[in-house]
Amino acid sequence: MGVQKKTRKFAQVDILVLIDSGLRINLDQVKRVIGQRDARLKKNQAKGEIESKRKAKGNEVVREIPQVSSSLFFQYNTALVPPYSVLVDTNFLSHTVQHKLELLETMMDCLYAKCIPIITDCVMAELEKLGQKYRIALRIARDERWERLKCDHKGVYADDCLVDRVMKHKVYIVATNDRDLKRRIRKIPGVPIMSVARGKYVIERLPDAPEK
């Protein structure tokens, strides 16, 4: 009968380690080093909790979907009909003054239809804060022919006000030359943008707009 082969258990060492001082230390067991990816480390525990929350969130059933305006037929907004309501931004008025354009007449030349320029309280407050440099634009904004909209929110930042209005009511054209505001408006379907370019007003995202 053969001799049964003995296997050494993990982490057991039967050797003797010699130290410079001449002492002999018998290491019965060597401690195992924890790897950087071990789940017992605090940083890995935090990552594990974040991953589990993300997976749980992904498995949740969506109970509510944002309601789409009934006036939209794909990207086409059926609520936009003459007379057009145009929300005017501070930047648009400034460019109108620089190019020496008439506000209402140039709008009508652009759209071939009746237009109603609308000035919000935020735009008026911004123009008043800008001082003497924008006094002509302020004088244009104070014209009694334009429609005025009151703002019930805090602060006088016009961009947020205009974006909030067109998200709630898709019956406006936004007149602005501000790049950041244009970028935000383009993400909202069915809202055309009017701007000053080449010495006249141009319109984008309006299907019924006349070809120039």
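Author: Two strands pair if DSSP finds at least two bridges between them. Helices (H or I, at least four residues) and strands (E, at least two) are DSSP runs, numbered from the N terminus. This is a predicted model, in which local features need pLDDT of at least 70 and side-chain atom pairs count only at pLDDT 80 or more, while totals for chains, interfaces and linings use all residues. Residues are numbered from 1 along each chain as its sequence is written, and side-chain values use heavy atoms, with hydrogens and water left out.

Reader: How many helices and strands are there in the chain?
Author: The chain has 212 residues, of which 33% count as buried, where buried means under 20% relative accessible area, exposed over 50%, and partly exposed in between (1.4 Å probe, protein chains only). Counted along this chain, there are seven helices and 10 strands.

Reader: What is the order of the strands in the open sheet of six strands?
Author: Strands of a sheet pair through backbone hydrogen bonds, either parallel or antiparallel. In this open sheet of six strands the pairing is mixed, and the order is S7-S6-S5-S8-S9-S10.

Reader: Which strands stand at the edges of that sheet?
Author: An edge strand here has a single partner strand, so one of its sides is left without a neighbour in the sheet. The two strands in that position are S7 (147–149) and S10 (200–204).

Reader: By how many degrees are neighbouring strands of this sheet turned against each other on average?
Author: Axes are lines fitted to C-alpha atoms, for helices over the stretch in contact, and angles run from 0 to 180 degrees between N-to-C directions. For neighbouring strands of this sheet the direction is ignored, and the average turn is 35 degrees.

Reader: Which residue in S8 stands opposite leucine 87?
Author: Leucine 87 belongs to a strand, S5 (residues 84–88), that is buried in five of its five residues, with Tyr84, Val86 and Val88 on one side and Ser85 and Leu87 on the other. S5 runs parallel to S6 (residues 115–120), joined to it by four bridges, and there leucine 87 stands opposite isoleucine 118. S5 also pairs with S8 in the parallel sense over four bridges, and in S8 the residue opposite leucine 87 is valine 174.

Reader: Which residue forms an aromatic pair with phenylalanine 92?
Author: Rings of Phe, Tyr and Trp (its six-membered ring) pair if their centres lie within 6.5 Å, and planes under 30 degrees apart count as stacked, over 60 as edge-to-face and the rest as tilted. By this rule the count comes to one aromatic pair, which is tilted, with 4.7 Å centre to centre and 50 degrees between the planes. The pair links helix H2 (residues 90–98) to strand S10 across 109 residues of the chain, and both of its members are buried. The partner of phenylalanine 92 is tyrosine 201.

Reader: Which strands does helix H7 (residues 179–186) lie across?
Author: H7 runs at about 150 degrees to S9. Besides S9, the strands it lies across are S8 (172–175) and S10.

Reader: What covers the buried residues of H4?
Author: Helix H4 (residues 121–130) has Cys122, Val123, Met124, Ala125, Glu126 and Leu127 as its buried residues. Contact means heavy atoms within 4.5 Å. What covers these residues includes S5, H2, S6, helix H5 (135–141), S7 and helix H6 (158–168).

Reader: How many disulfides does a search of the whole structure find?
Author: A disulfide is counted when a pair of cysteine sulfur atoms lies within 2.5 Å. The sulfur of cysteine 161 is 3.6 Å from that of cysteine 151, its closest, which is too far for a bond, and the sulfur of cysteine 115 is 7.8 Å from its closest, in cysteine 110, again too far. Cysteine 161 is buried, with a relative accessible area of 4%, and cysteine 115 is buried at 5%. For the whole structure, the number of disulfides found is zero.
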